[in-house]
Amino acid sequence: MAETLKPGSGPLDYGNRWWLKILFVAIFVALYSPIFTLIAFSFNTDKRGVVWRGFTLDNYVKAWNNSALQEALINSLAIAFIATIIATIIGAMTALFLWRFRFPFKPAYEGVMALPIVIPEICMGVSLLLFFINTGMMEWSVGMPWPMNLINIIIAHVAFCFPFVAVVVRSRLVGFNRQLEEASKDLGASEWQTFWNVIVPFMMPGLVAGALLAFTLSLDDFVITFFTSGPETVTFPVKVYSLVRRGVSPEINAASTVLIVITVIATVIAMKLQAPQKSGEG
Amino acid sequence: MDSWRANLRTFWTLGTPGTFWLLMFFLIPLAYMFGISFSEKISITENQFTGTLANYIRSFDAVYLQIIWKSIWISVLATAVCLLLAYPIAFGICFAPAKWKPLLLLLVILPFWINLLIRTYALIAVFRSQGYLNLVLGWIGLGPFEMLYNDGSVIMGLVYVYMPFMVLPLYATIERLDRSYLEASLDLGGSQFQTFWKVTLPLTMPGIITGIILVFIPCLGSFLTPDMLGGANAIMIGNVIERQFKSANDWPFGSALSFLLMYVTFGALALRAFLAARSRGVDV
């Protein structure tokens, strides 16, 4: 076996195998082509949306002037904002709690905390629907002024978002050197001062990443929103769902593109913040 | 880590909000639904708790058993296709040049963050009979084909939607695989195929199991994908549950079905824990 191997053709250089490259390209094309066609055809002048007839921004103007769609998008963004704030606070407190204390039955507690992440979405959506109807919260929220009429959806979103935030923040806290805390207290800071001036700044990248995660999770959710929204409230996914049942239109493409752009920006920022090279810094 | 007794005030302040929210808006609703699943429907809006098992027994009627069976095999097929496609992808990312890895990983995960409904809608636009794919096929004189609204399109939709769940755990295990085992196998005369079959595959089994569970559970519980991509006869269990709450208004039966779905989920998670404990490969 006196063959000379070219660089990249060694037995373990699977990354350079032609069949793997072809498969890679094929799968990425399959993953992305539907999304890119959706975005591309949001700029199409053709009403039926199949054939490319020319570039226009009309669909965006139309989608923006469609008051039902506008209301739905504003509702979704409001839900995502409020749910993110609450979920981030609760998630961060839970993370601190699990990081700082040991207590009886802690593994069981952690297991229950992970349940909203693992159980099928439809089960959670349906159980919350029953709960809201039975406690009268569904009826009560209908008559409330905006944004209080969205309260059921916000509650549900917080319930499935905050365990994710807790996981993200806790993984950040693992890298915290508790001697910093001791040093702060030795130098005369109170418990509260230590928390605000030492622990919170250290947690910050985790907090921002967790918040962005909660924001995208909330904005992306369809199933739980579908079940917990009352008959009167319309959120973006629910609105698109009812529109899609009636057919494909470039207006939906335009509105979807806006939502995709928001989500992608939030995700990319979150991933940058969570990148390993950041974890060494305070 | 401190004992919980060390600082009681901080302990309760930090622990209460999360515990409250989880208890109030997750566990109590589930417990309530559990109760409803043993209730009888006495009028359109009222249900009476009687401890009856009728709702569970009804789930095993031939009609529903058939739907449950169909949901299971659709999910199994979708999971299998995911595994077959995701394994080479995860493998390729692990063996790609280091500077490409984060980007490739991001490309795999990114679609997962885009709204499920939008992704499904995008698929409809591509595959419907006046869709883009048929348009392209038309240029070369083929079609139009009816590609939507059958079991195949549901499986395709599920694969499209849940693929990232399979790639991530596979990537995590393959990345931690000790490559000297592969070198040893190849040095000792094993072919690439033998090395893969007898060394790589068994060592990455924990990742495969995790990936299978992570894809299988949401597939089994899915309702949007079969609802939008499936035809009238491509009903899955999630659609039946949805119908009990949104149109048929039979809460007890819907609750019983939801709990059956959850038991299957817990069974799958327990199986994963059991297999992970037995397997000697790289743990995730």
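**Group meeting: salt bridges and interfaces in a two-chain model**

Okay, let's start at the boundary between the chains: across the interface of chain B and chain A, the rule turns up two salt bridges. By salt bridge I mean a side-chain nitrogen of Lys or Arg within 4 Å of a carboxyl oxygen of Asp or Glu.

Before going on, the housekeeping. This is a predicted model, where local features need pLDDT of at least 70 and side-chain atom pairs count only at pLDDT 80 or more, while totals for chains, interfaces and linings use all residues. Residues are numbered from 1 along each chain as its sequence is written, chains are lettered from A and ligands numbered from 1 in the order in which they are written, and side-chain values use heavy atoms, with hydrogens and water left out.

Back to the interface. One salt bridge there pairs A:Arg178 with B:Asp2, with 3.4 Å between the closest N and O atoms.

Which helix gives the largest share of the side of chain B that touches chain A? That's helix H1 of chain B, residues 8-36, with 20 residues. Helices, by the way, are DSSP runs of H or I with at least four residues, numbered from the N terminus. By class, that side of chain B has 58 nonpolar, 17 polar and eight charged residues. For the classes, Ala, Val, Leu, Ile, Met, Phe, Trp, Tyr, Cys and Pro are nonpolar, Asp, Glu, Lys and Arg are charged, and the others, Gly among them, are polar.

Now the extent of it. In contact terms (heavy atoms within 4.5 Å), 83 residues of chain B meet 87 residues of chain A. Together the two chains bury about 8000 Å², with 78% of that on carbon and sulfur atoms. Buried area is the accessible area, with a 1.4 Å probe, that two parts lose on being put together, summed over both. B:Trp21, B:Trp113 and B:Tyr121 supply 11% of what chain B buries against chain A, more than any other three residues.

On to salt bridges in general. Side chains of opposite charge can pair when their charged atoms come close. Over all chains, the whole structure has ten salt bridges. A:Arg100 and A:Glu191 make one of them, at 3.1 Å between the closest N and O atoms. That pair links distant parts of the chain, from helix H3 (residues 67-100) to helix H9 (residues 191-220) of chain A, 91 residues apart.

Is A:Arg100 buried or exposed? It counts as buried, because its relative accessibility is 9%, whereas A:Glu191, at 33%, counts as partly exposed. The cut-offs: buried is under 20% relative accessible area, exposed is over 50%, and partly exposed is in between, with a 1.4 Å probe and protein chains only.

Those two residues also belong to a network of salt bridges, which links A:Arg100, A:Arg178, A:Glu181, A:Lys185, A:Glu191 and B:Asp2.

Next, A:Arg170 and A:Glu110, whose side chains meet in a salt bridge at 2.6 Å, N to O. A:Arg170 is in helix H7 (residues 151-173) of chain A and A:Glu110 in helix H4 (residues 106-118), 60 residues apart. A:Arg170 is partly exposed at 24%, and A:Glu110 is partly exposed at 26%.

In chain B, look at B:Asp250 and B:Arg58, a salt bridge with 2.9 Å between the closest N and O atoms. B:Asp250 is in the loop between helix H12 (237-246) and helix H13 (251-278), B:Arg58 is in helix H2 (residues 54-59), and they're 192 residues apart. B:Asp250 is buried, at 12%, but B:Arg58 is partly exposed, at 29%.

Last item, the domains of chain A: domain 1 is 16-56 and domain 2 is 60-281, with bounds from an automatic or database domain assignment. The contact between these domains takes eight residues from domain 1 and eight residues from domain 2. Their C-alpha centres lie 30 Å apart. The two domains bury about 700 Å² between them, 64% of it on carbon and sulfur atoms.

How values were computed:
Helices (H or I, at least four residues) and strands (E, at least two) are DSSP runs, numbered from the N terminus.
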